[in-house]
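Colleague: I would like a close look at one part of this model, and then at how that part sits within the whole. Please take your time over the answer and say how each term is meant.

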Amino acid sequence: MNNQATQVKKDSLDDKHTEALVDAKPQEQILNGSEILVKTLTDLGVDTIFGYPGGAVLPIYDKLYNNPDLNHILVRHEQGGTHAADGYARATGKPGVVLVTSGPGGTNTVTGIATAAIDSIPLVVFTGQVATNLIGNDAFQEADIVGITRPITKHSYLVKDVNDLEYTIREAFHIATTGKPGPVLIDLPKDMVMSKGHYTGNKTVNKRSYRPVTHGHHSQIMKAADLLSNAKKPLIYAGGGVLLGKAWEELTSFAERVNVPVTTTLMGLGCFPESKSQSLGMLGMHGTYYANMAMTECDVLLAVGARFDDRVTGRVDGFSPNSRKIHIDIDPSCIAKNIPVEVPIVGDVKNVLPQLDNYTEKPDTKEWWDTLNKWKSDHPLQSPRAKDHIKPQHMIEAISEVTKGEAVVVTDVGQHQMWAAQLYKYNHPRSFISSGGLGTMGYGFPAAMGAAIGNPDRPVFCISGDGGFQMTIFELATCVQNNIPVKIAIMNNGYLGMVRQWQELFFDKRYSSVDLRDGNPDFVKLAEGYGAVGLRATTPEEMDEVLQKAMEINDRPVVMDIVVDREENCYPMVPAGAALNEMVEGNSEQ
Amino acid sequence: MSSNPQIEMNHTDMGTKSKHTISVLVDHNLNALSRILGMFNGRGFDIDTISFGEGQQPGLARITITTHGDSQIVEQIIKQLHNVIDVIKVRDLSFEPFVERELALIKVSAHPSRRSEIMQIVNVFRAKIIDMSPDKLTIEVTGNNDKITAALGMLRQFGLVEVARTGTVALRREFTGDT
């Protein structure tokens with residue numbers, strides 16, 4: 001062991017040989033690993049870190065003490081930290097940064113990393129690690145976090161030489177934020193952050209094995225333009241890639257000019273304003289009737305930054321059976337993974353869309369629009385109302401009204417998520433934040449916290465369920481401590497609502513392990529116990545008052561316990577195994 | 001819906017499974033190899049054989065993977081390999097002329113009375129006997145995967161004691177004869 005420690009010391013810059021080297025390059029600095037980390041992060045423009053300290057990262061936390069450049073948010077659980085960083089990234093477009101200790105600190109980040117990975121969210125996660133000479137010894141708080149997170153990270157590093165630290169951090173940010181974004185993990189053994197090494201300030205990142213394609217193939221774009229120009233029933237299907245690729249303006253101007261209808265995925269909500277006449281809203285399992293019918297009937301389909309997820313396609317052999325398909329995606333592996341595509345275009349949507357716009361002539365879509373408009377007027381989304389109690393759909397529309405559609409809506413997972421996706425009017429990008437791919441319950445509240453930190457000028461509404469909110473409720477402490485004014489609206493039905501809905505529809509109403517009501521806390525008292533504001537509504541009038549009050553509070557989190565109809569179901573719904581046009585529009589008795 | 005020609009065509013295409021030999025150039029580190037193995041395992045792809053070793057350039061390794069699947073699966077394998085950050089180059093050799101070899105060490109029970117019979121088989125397969133004991137022989141066979149499987153099939157009757165196979169290694173053929 002002693003031997004290895006000497007080895008480490010030799011590799012660091014504490015010996016004469018390397019000091020001579022450093023002297024030869026006066027622009028370089030000798031710093032210890034923690035200083036290199038903080039300096040590189042600052043140089044990369046990072047201003048916010050979500051983290052939780054512990055033994056292996058003590059030297060780093062010492063450098064964060066009273067550091068004016070880096071705002072460290074002390075979360076109450078590392079899972080909350082990764083979700084918060086993820087929410088911050090989705091709300092701002094900047095990578096989210098997480099710092100946790102070794103062992104349990106790292107393993108607690110796993111759900112958050114997996115959530116970010118499947119939705120392609122740029123995160124850089126720093127985990128502490130036991131000292132190099134102890135790795136593999138089953139040391140205290142040791143876990144092979146690089147191994148554990150390998151399938152859920154875009155890339156990962158174990159830093160073995162403090163002189164590589166700066167470059168590794170720069171490369172990690174480059175990989176996390178370019179191409180198809182994703183989480184990158186850097187494991188930092190304790191001796192690496194304590195020993196001294198070079199800081200060069202050299203911003204160049206060059207990795208020969210990593211060269212994401214950005215520009216689409218010209219002849220493919222011409223083929224796509226030709227298909228679209230001659231389409232009778234074209235449809236644009238836009239996904240989260242439009243938001244990640246910052247291409248919402250390009251998409252909007254293109255779709256408006258050629259007057260082609262646009263449906264968005266759950267992840268794509270907000271990339272095309274729902275106030276425009278071309279918008280068909282969301283498609284898929286809980287999508288609108290007209291979006292799903294348009295998908296089934298269209299003759300040319302332009303998929304933009306979307307990946308034909310099973311929640312979108314329904315049964316694949318019934319998915320858009322008559323269309324010729326064009327697919328723009330930065331990740332070739334997303335193309336033709338689930339659905340065969342005729343014209344694949346690998347490239348950055350922000351580059352490809354304007355080119356496509358250049359070459360596409362406005363198709364004649366008058367008849368198509370007649371059909372679409374008829375579908376829209378005959379089959380609108382249902383939003384029932386009741387006098388004496390609150391319908392969950394009403395709750396979403398009331399939030400949409402009170403925020404005038406200008407809020408950042410962050411949801412958890414379940415019925416409320418689908419209603420929030422359907423019924424809130426999204427007119428701006430980065431306004432709907434939700435765990436789409438992994439469907440992580442417990443994501444919503446901490447992600448809203450991160451979104452609020454990144455977006456101090458917009459109201460941030462966390463719409464959650466009574467189940468999901470309790471999974472990460474402890475972050476109320478973080479919000480109170482940092483005066484983060486997240487408005488948490490709990491759609492409280494005392495059930496795990498979506499699971500109950502499936503049990504009602506597919507398991508003969510055998511409500512197995514979904515009733516939460518008798519164990520639910522008094523959310524108002526609970527909020528007050530944390531020092532947050534707690535409010536409750538059980539009637540539509542109370543709900544309006546509560547929402548108004550919440551809008552006026554901007555220095556603390558507000559928890560709104562909104563008690564809704566217990567057994568309302570979320571429709572339309574495409575049952576598992578059905579095609580999109582086989583959706584169920586409502587309860588049979590309705 | 002099922003009458004759509006495009007979809008039907010793809011269904012028939014999906015029925016044909018074939019063998020593929022994929023050559024992957026990567027940064028020489030175990031994280032890269034683990035990522036590749038994990039990708040195959042996690043996405044439900046098969047590996048028939050895999051070999052890993054240093055390439056011609058320092059710091060790089062060449063991984064040779066033989067796998068099987070329909071064209072859609074193999075296309076996904078290639079694309080997912082490209083997505084591994086440390087992967088520099090991926091080549092599906094099956095679409096071009098290539099040379100491949102595998103080496104196997106086969107230990108068989110060999111009672112002195114049957115040695116000459118075994119040696120005949122060894123000769124036919126151009127194999128070598130590289131170790132011998134009073135009742136066992138160790139044989140080295142080199143060739144493509146099929147040849148080794150065939151040699152093993154012939155030697156099985158004597159009683160296989162132990163077998164070690166390297167997995168296929170392959171390189172693209174430079175000159176095919178037609179200029």
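How many Å separate the centres of domain 1 of chain B and domain 2 of chain B, taken over C-alpha atoms?

Modeller: The centres of domain 1 and domain 2 of chain B, taken over C-alpha atoms, are 28 Å apart. This is a predicted model, in which local features need pLDDT of at least 70 and side-chain atom pairs count only at pLDDT 80 or more, while totals for chains, interfaces and linings use all residues. Residues are numbered from 1 along each chain as its sequence is written, and chains are lettered from A and ligands numbered from 1 in the order in which they are written.

Domain 1 of chain B runs over 6–96 and domain 2 over 99–172, with bounds that come from an automatic or database domain assignment. Where the two meet, domain 1 of chain B contributes 9 residues and domain 2 of chain B contributes 8 residues; two residues are in contact if their C-beta atoms, placed from the backbone, lie within 7 Å. On the side of domain 1 of chain B that touches domain 2 of chain B, at least two residues each are supplied by β1 (18–27), β2 (49–54) and β3 (60–69) of chain B, and β2(B) gives the most, with 3 residues. Helices (H or I, at least four residues) and strands (E, at least two) are DSSP runs, numbered from the N terminus. The residues on that side of domain 1 of chain B comprise 2 nonpolar, 6 polar and 1 charged, where Ala, Val, Leu, Ile, Met, Phe, Trp, Tyr, Cys and Pro count as nonpolar, Asp, Glu, Lys and Arg as charged, and the others, Gly among them, as polar.

Turning to the chain as a whole, chain B has 5 helices and 9 strands, which follow one another along the sequence as α-β-α-β-β-α-β-β-α-β-β-α-β-β. The radius of gyration of chain B is 20 Å, well over the 16 Å that the globule rule gives for 179 residues, so chain B is more spread out than a compact globule; the radius is taken over C-alpha atoms, and the rule is 2.2 Å times the number of residues to the power 0.38. The C-alpha trace of chain B spans about 65 × 50 × 45 Å along its principal axes. Of the 179 residues in chain B, 24% count as buried, a residue being buried if 20 or more other C-beta atoms, placed from the backbone, lie within 10 Å of its own, exposed if 12 or fewer, and partly exposed in between. Among contacts in chain B with a separation of 6 or more, 75% join residues 24 or more positions apart.

Within chain B, confidence is lowest in helix α1 (residues 5–15), at a mean of 41, and highest in strand β7 (residues 136–143), at 98. Over residues 1–14 of chain B pLDDT stays under 50, and the model has 13 contacts beyond four places in sequence for that stretch. Where pLDDT is low, the predicted coordinates should not be read in detail. The model scores ipTM 0.89 and pTM 0.93.

Chain B also meets chain A, with 22 residues of chain B in contact with 18 residues of chain A. The side of chain A that touches chain B divides into 8 nonpolar, 5 polar and 5 charged residues.

Chain A itself has 25 helices and 20 strands. Its radius of gyration is 25 Å, close to the 25 Å that the globule rule gives for 590 residues, so chain A is as compact as a globular protein of that length. Buried residues make up 55% of the 590 residues in chain A.

Finally, the interior. A nonpolar core is a set of buried Ala, Val, Leu, Ile, Met, Phe, Trp, Tyr and Cys residues joined through C-beta atoms within 7 Å. The largest such core has 197 residues, of which Leu251(A), Ala489(A), Met560(A) and Ile562(A) touch the most other members, and helix α20 (residues 444–454) of chain A gives the most to this core, with 7 residues. Apart from this core lies another, of 13 residues, among them Ile106(B), Val108(B), Ile118(B) and Ala151(B).

How values were computed
pLDDT = per-residue confidence, 0-100.
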